[in-house]
Amino acid sequence: MNFFKRTIPLTIAFIMGVMMAFQYYVPHEASQSLLKVVTRWGITIAGFAVFIGVYSLFHLHWNKIKRKVPGWGYSTFVFFGAGITIIFGLYNGGEFFLNDKQEGTMFDWMYFNVQVPAGATMFSILAFFMASAAYRTFRARTGEATILLIAAVIVMLGRVPVGALIWEYLPPLADWIMSVPNMAAKRGILIGVSIGAIATSLRIIFGIERAYLGGGD
Amino acid sequence: MERLLRIDRRIIFIFVAIAVTLPLLIRFNLPVVATKDVKSIYNKINSLPEGSHVLISFDYDPASKEELQPMAVALLHHCFKNNIKVIGMTLNPGGTGLADSAITEAGKEYGKKYKEDYVFLGYKTGTELVMINMGENIFSAFPKDFYGNATVDLPVLKGVQSLQDMDYVIDLASGSSIEAWIAFGKEKYNFDLGGGCTAVIGPDMYPFLQSKQLTGLMSGLKGAAEYEILINRKSTAVAGMSPQSVVHVLVALFVIFGNVLYFMTGRKK
Amino acid sequence: MYKIFFTFFLSILLLHNSSTFAVEGNKLIPPSDFQAFDTPDDDGKSISLRWPSSPTESAEVEYVVYASLRKDGPFITEALRINSNTMYEEGSDSNLHYVEIKPEKFFSKKSDVTGGRSDYFFKLVMMSNPENVEVKKIASAAPEGNWFNWKKLNNFIIMIAFSALVLLFIEHAKKNPNLYLRKISGLDAIDDALGRATEMGKPVLFVHGLNGMGSISTIAAVNILGKIAIRVAEYDTTLKVSNIDPIVLSVSQEVVKESYLEAGRPDAYVEDNVFMAASEQFPYVAAVSGIMIREKTAANFFMGYFYAESLILAETGASTGAIQIAATDSYTQLPFFITTCDYTLIGEELYAASAYLSREPLLLGSLRAQDVAKGIIITALVLGAVLATIGVGFISFIFKAS
């Protein structure tokens with residue numbers, strides 16, 4: 001069993017990893033064709049993976065309903081929401097799914113009047129949590145924290161039109177903070193993270209890192 | 001003092017709600033000045049001759065609609081006004097409806113014809129993989145558009161084989177797709193790339209602006225407002241500047257007030 | 001005398017307007033040469049054309065290139081049309097024109113090609129209204145794919161060098177297994193957090209980031225999950241793992257199952273505890289926040305790449321009083337985690353987690369290689385900045401991207 005669970009996947013990872021790493025340096029058409037084939041495989045696999053996720057979601061909530069665990073009523077909404085979306089999506093305004101997508105259908109109505117406002121609402125919660133976090137936790141406990149606070153206030157005010165009204169140099173100062181110290185820090189982290197990513201990729205290619213196979217050795 | 005420091009967060013939420021609502025009721029205008037990075041995108045589109053092809057990737061979902069949809073609409077108005085052909089697509093499954101409605105409504109306003117002046121290719125899964133595929137051949141990546149028309153037959157895509165034939169590509173992103181477009185699109189296939197993103201990920205993009213991997217960037221609702229000012233079409237983004245400014249001032253005041261209380265209660269390090 | 005002055009005066013006028021006169025008087029001077037060759041470092045679909053500038057170039061004059069499949073023509077297929085004062089070769093100081101064209105765009109695939117190589121023939125014509133003048137030489141070339149992109153040679157060398165460094169340090173670590181690693185508080189606190197959850201009898205929640213299995217941060221997060229799952233199995237605490245990606249879900253289920261097996265508690269593994277919360281960002285946030293509030297989790301681990309939802313998750317967790325440990329390489333979300341979580345692993349500390357927790361020599365060796373590579377880059381940055389300031393671009397040239 002180890003041969004199929006370990007040896008074969010590790011061999012595939014090594015061959016594909018080395019091949020695709022060298023593919024980047026080979027401009028020949030054969031190399032580009034290989035890239036096309038591999039990308040199509042990747043898209044196909046990603047597409048099938050959706051079914052695994054759907055199964056997991058439904059299975060989890062079905063068990064909750066079956067066992068009547070506390071809060072099982074909310075799980076019925078998963079099926080209700082998914083069911084209605086699938087039904088109206090397939091109905092396609094009367095043309096059904098074999099024809100091209102129709103405009104102005106119930107599916108579109110649900111998208112614009114349920115999903116869009118719900119998604120926007122969840123994102124909007126961020127504003128409230130941000131204010132709450134800012135009030136509770138942004139404290140000038142140390143020198144560095146004080147510098148951070150001052151920079152935060154300058155950028156917060158400089159990045160909106162009112163900043164220019166408060167002080168004309170706020171926007172350019174905010175821009176300087178974003179373009180120089182912020183960018184320098186971001187670049188440093190980016191370089192470190194990139195090196196880490198390359199090292200981790202090498203570990204995966206050479207079979208040293210095996211967690212992605214599912215635990216154990 | 002101690003009680004003020006440990007105030008129930010719901011009271012803070014009420015303040016924020018008032019700060020957002022009041023400016024929408026008591027309207028006032030704030031001057032919006034376009035910054036260099038937003039102007040770069042504007043100038044680039046202005047420099048394109050009529051009939052050029054611009055690819056706009058609407059890589060955001062309904063949650064980020066409030067920041068990115070105004071950007072999308074402003075860009076589309078600019079492109080259509082300049083008689084530029086627009087090719088829309090999305091790598092985010094939640095964004096298809098938003099992208100389609102933005103392109104269709106803007107196109108109608110300028111009397112543009114679908115398939116001839118603009119097209120919406122729809123959604124494809126795979127992000128980086130789709131970019132690589134499009135870099136080789138757009139028609140193989142999107143054999144059909146969102147409405148099921150064969151892309152090979154579309155007049156708007158005449159003269160375009162792959163990403164290399166695009167005169168400009170703009171990614172409107174709520175996630176990390178701009179970085180993917182740089183790594184798997186621009187660096188491989190060598191086209192000009194501009195970006196629009198939520199304010200939260202704006203700081204991430206600065207290294208790419210400085211290295212000129214991004215020709216320009218619109219960040220957050222303010223970026224959208226700046227673009228609206230540039231194209232002389234004030235809309236939702238400019239209107240959103242007043243509540244945004246008030247909330248920013250409020251948060252800044254909260255931070256200052258919290259620290260004043262903190263020092264007044266004589267907290268030790 | 002009068003005639004001499006008149007001729008002199010007229011010739012000055014003529015010289016001053018020489019280019020216009022040349023055009024108006026149809027005296028276009030064609031380029032002295034015209035070359036076609038296979039574009040280097042490409043996929044074999046492009047041919048490069050190069051020719052020297054002509055003194056009679058102007059905005060009113062165009063260059064047109066005609067192509068043919070035969071040397072003797074006919075040259076009727078227009079391959080290129082540009083203004084004569086554009087498309088100069090980089091670094092040629094406007095003395096040479098350089099253009100790359102793809103013959104496939106104007107010739108359909110040849111069915112009569114033998115041997116796989118086909119020559120294309122080009123004729124350069126300089127055009128203005130009303131006269132045209134041709135370059136006599138017919139240039140020809142056959143596009144050929146290249147097996148190595150020499151413009152990326154520096155990149156290739158750096159890749160090989162870094163890979164060699166990683167392998168070298170892995171070998172070194174096999175011989176010297178006790179490599180020093182600085183303390184990472186967040187990882188040391190994992191045991192405390194799990195102990196706390198066990199004492200309180202409340203579950204532990206592990207929250208994956210939004211990226212898929214292709215992301216290095218997710219792979220690193222899965223590593224940490226494996227270690228946490230072993231401890232949780234030993235302590236007999238409930239572990240809940242929320243996922244947003246189906247492939248990450250499959251891997252997480254396998255990892256947790258194996259960990260329970262390794263801890264000798266295969267019976268304690270509950271498959272439903274490793275679940276898909278949602279497939280979109282904010283529904284995921286809503287689902288996970290709901291779990292945190294309803295189940296009052298005692299310890300929350302946020303591991304992976306997060307976006308705007310990070311603050312909502314961390315604030316909700318903080319409001320329930322849970323101990324929170326976050327690890328992310330998402331630069332913009334770090335401030336939110338730092339302010340709301342008890343411990344935060346920043347950037348590569350997340351990647352170092354697998355080496356740190358397992359102390360395996362192979363992993364430690366690659367970590368050391370990362371540090372050495374970073375040291376080299378820092379040195380190159382500082383030296384390069386100093387040298388570039390004084391006008392020496394050597395180091396900038398080494399790191400130039402194609």
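How many residues does the contact take from chain B and from chain A? It takes 45 residues from chain B and 48 residues from chain A. Before going further, a reminder that this is a predicted model.

Staying with that contact, the side of chain B that touches chain A draws two or more residues from each of several helices: α2 (9-25), α4 (65-81), α6 (128-136), α9 (206-210) and α12 (241-264) of chain B. The largest share comes from α12(B), with 14 residues. Sorted by class, the side of chain B that touches chain A holds 25 nonpolar, 12 polar and eight charged residues.

Chain A also touches chain C. Here 47 residues of chain A are in contact with 59 residues of chain C. On the chain A side, α2 (29-67), α4 (106-137) and α7 (170-205) each supply at least two residues. Of the elements on that side, α7(A) gives the most, 14 residues. The classes on the side of chain A that touches chain C are 27 nonpolar, 16 polar and four charged.

Now chain A by itself. The domain assignment divides chain A into domain 1 (1-55) and domain 2 (138-207). Taken over C-alpha atoms, the centres of these two domains are separated by 36 Å. Their contact takes five residues from domain 1 of chain A and four residues from domain 2 of chain A. On the domain 1 side, the residues are four nonpolar, one polar and no charged.

One residue of chain A to look at is A:L90, which sits in helix α3 (residues 72-91) of chain A. Is A:L90 buried or exposed? A:L90 counts as exposed, because it has 11 C-beta neighbours inside 10 Å, and the cut-off for exposed is 12 or fewer. Leaving out residues up to four places away in sequence, A:L90 touches A:F96 and A:F97. A:L90 and A:F107 are 17 residues apart in sequence, and their C-alpha atoms are 9.0 Å apart in space.

On to chain C. Its domain assignment gives domain 1 (27-141), domain 2 (150-176 + 363-398) and domain 3 (185-359). The C-alpha centres of domain 1 of chain C and domain 3 of chain C lie 61 Å apart.

There is an open sheet of three strands in chain C, in the order β1-β2-β5, with antiparallel pairing. Its edge strands are β1 (35-38) and β5 (96-101) of chain C, each of which pairs on one side only. Ignoring direction, neighbouring strands of this sheet are turned by 20° against each other on average. Strand β2 (residues 47-52) of chain C is joined to β5(C) by six bridges, and the two run antiparallel. Within that pair, C:S48 stands opposite C:E100 in β5(C).

Next, strand β13 (residues 323-328) of chain C. How many of its six residues are buried? Six of the six are, so the strand is mostly covered by the cut-off of 20 or more other C-beta atoms within 10 Å. In a regular strand the side chains alternate between the two faces of the sheet. In β13(C), C:I323, C:I325 and C:A327 point one way, while C:Q324, C:A326 and C:T328 point the other way, and all are buried.

What are the partners of β13(C)? On one hand there is strand β12 (residues 299-303) of chain C, which is parallel to β13(C) and joined to it by five bridges. C:M303 has C:A327 as its bridge partner in β13(C). The chain crosses from β12(C) through helix α8 (residues 309-319) of chain C to β13(C), in a right-handed β-α-β crossover. There is also strand β14 (residues 343-346) of chain C, again parallel to β13(C), with four bridges between them. In β14(C), C:L345 is the bridge partner of C:A327. Here too there is a right-handed β-α-β unit, made by β13(C), helix α9 (residues 334-340) of chain C and β14(C).

Last, two backbone points. C:K296 is not a glycine, yet has a positive phi of about 50°. C:K296 is in the loop between α7 (281-295) and β12 of chain C, and counts as partly exposed because it has 13 C-beta neighbours inside 10 Å. In chain B, B:N232 has a positive phi of about 60° and is not a glycine either. B:N232 lies in the loop between α10 (220-230) and α11 (236-239) of chain B. With 8 other C-beta atoms within 10 Å, B:N232 is exposed.

Definitions and conventions:
Residues numbered from 1 in each chain as written. Chains lettered and ligands numbered in written order. Predicted model: local features only at pLDDT ≥ 70, side-chain atom pairs only at ≥ 80, totals over all residues. Contact = placed C-beta atoms within 7 Å. Nonpolar A, V, L, I, M, F, W, Y, C, P; charged D, E, K, R; others polar. Pairing = 2+ DSSP bridges. Right-handed = clockwise from strand over helix to strand, strands pointing away. Domains from an automatic or database assignment. Axes fitted to C-alpha atoms, helices over the stretch in contact; angles between N-to-C directions.
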